[in-house]
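Look over the chain below before reading the notes.

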Amino acid sequence: MDNLNKNIEKACQAIKAADALFITAGAGMGVDSGLPDFRGNEGFWKAYPPIAKLGKSFTEMADPVWFDKQSEIAWAFYGHRLNLYRETIPHEGFSKLLDLGRSKPYGYFVFTSNVDGQFQKAGFDDALIEECHGSIHHLQCTGPCSNDIWKIGEKKSMLIWKRSGLQASYRNVKTVAGWHARIF
């Protein structure tokens with residue numbers, strides 16, 4: 001325990017002396033806010049039993065192939081996740097990191113594998129966040145029609161129902177729209 005305390009103290013001193021803060025975060029950051037653990041099947045399925053009844057794993061459901069295969073299921077899966085993320089309030093650790101980052105002469109930068117938008121919701125500058133798996137708050141083509149992504153709710157992302165799924169009526173988007181978030 002003594003060695004652990006010494007290492008914690010060294011880390012504190014290094015952070016205090018730093019000119020900038022580089023924050024890396026994964027799923028554990030959101031779990032402390034009350035979000036289910038999406039790496040394990042149980043957390044998500046407890047939060048959304050209708051998808052659990054399909055007998056598919058979280059990994060299988062996160063596959064974008066569902067937008068072409070059965071878009072209603074894909075939209076239910078991602079739509080439920082989007083609602084969870086929108087309703088979740090970031091825990092106090094986010095504001096503590098933000099205050100610490102703002103106190104540094106060169107500020108902060110966030111690199112996260114999270115797609116939940118919790119850093120933005122906590123007040124972090126979107127321009128200083130890299131979401132390596134994308135964001136569930138954005139849409140994109142599921143086929144090769146455009147490299148554009150757009151925020152859900154923007155006027156230009158007016159969505160209309162066609163065939164068995166949701167298609168985007170946006171510029172040259174001609175395939176089913178899907179979330180700009182890839183988990184696996």
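The notes below cover the whole chain, its strands, its helices and its surface.

This is a predicted model, in which local features need pLDDT of at least 70 and side-chain atom pairs count only at pLDDT 80 or more, while totals for chains, interfaces and linings use all residues. Residues are numbered from 1 along each chain as its sequence is written, and side-chain values use heavy atoms, with hydrogens and water left out.

**The whole chain**

- The protein chain has nine helices and eight strands; helices (H or I, at least four residues) and strands (E, at least two) are DSSP runs, numbered from the N terminus.
- Of its 184 residues, 41% count as buried; buried means under 20% relative accessible area, exposed means over 50%, and partly exposed lies in between (1.4 Å probe, protein chains only).
- The accessible surface comes to about 10400 Å², and 55% of this belongs to carbon and sulfur atoms; areas come from the Shrake-Rupley method with a 1.4 Å probe, and for residues only the protein chains shown count as cover.
- Among contacts between residues at least 6 apart in sequence, 59% join residues at least 24 apart; a contact means heavy atoms within 4.5 Å.

- Three strands form an open sheet in the order 1-2-3, with parallel pairing; two strands pair if DSSP finds at least two bridges between them.
- The edge strands, each pairing on one side only, are strand 1 (21-25) and strand 3 (129-131).
- On average, neighbouring strands of this sheet are turned by 10° against each other, direction ignored; axes are lines fitted to C-alpha atoms, for helices over the stretch in contact, and angles run from 0 to 180 degrees between N-to-C directions.
- Strand 1 and strand 2 run parallel and are joined by five bridges, with Phe-22 standing opposite Phe-109 in strand 2.
- Strand 2 (residues 108-112) pairs with strand 3 in the parallel sense over three bridges, and Phe-111 has Glu-130 in strand 3 as its bridge partner.
- In a regular strand the side chains alternate between the two faces of the sheet.
- Helix 8 (residues 92-102) lies across strand 1 and strand 2, and runs at about 155° to strand 1.

**Strands 4 and 5**

- Strand 4 (residues 134-141) is largely enclosed by the rest of the structure, because seven of its eight residues are buried.
- Strand 4 pairs with strand 5 (residues 149-151) in the antiparallel sense over three bridges, and the bridge partner of Leu-139 in strand 5 is Trp-150.

**Salt bridges**

- The structure holds two salt bridges; a salt bridge is a side-chain nitrogen of Lys or Arg within 4 Å of a carboxyl oxygen of Asp or Glu.
- Asp-2 forms a salt bridge with Lys-6, the closest N and O atoms being 3.7 Å apart.
- Asp-2 and Lys-6 are four residues apart in helix 1, so about one helical turn separates them.
- Glu-92 and Lys-96 form a salt bridge at 3.5 Å, N to O; both lie in helix 8, four residues apart, and both are exposed.

**Helix 1 and the surface**

- Ile-8 is found in helix 1 (residues 2-17) and is partly exposed, with a relative accessible area of 44%.
- Ala-17 also lies in helix 1 and is exposed at 62% relative accessible area.
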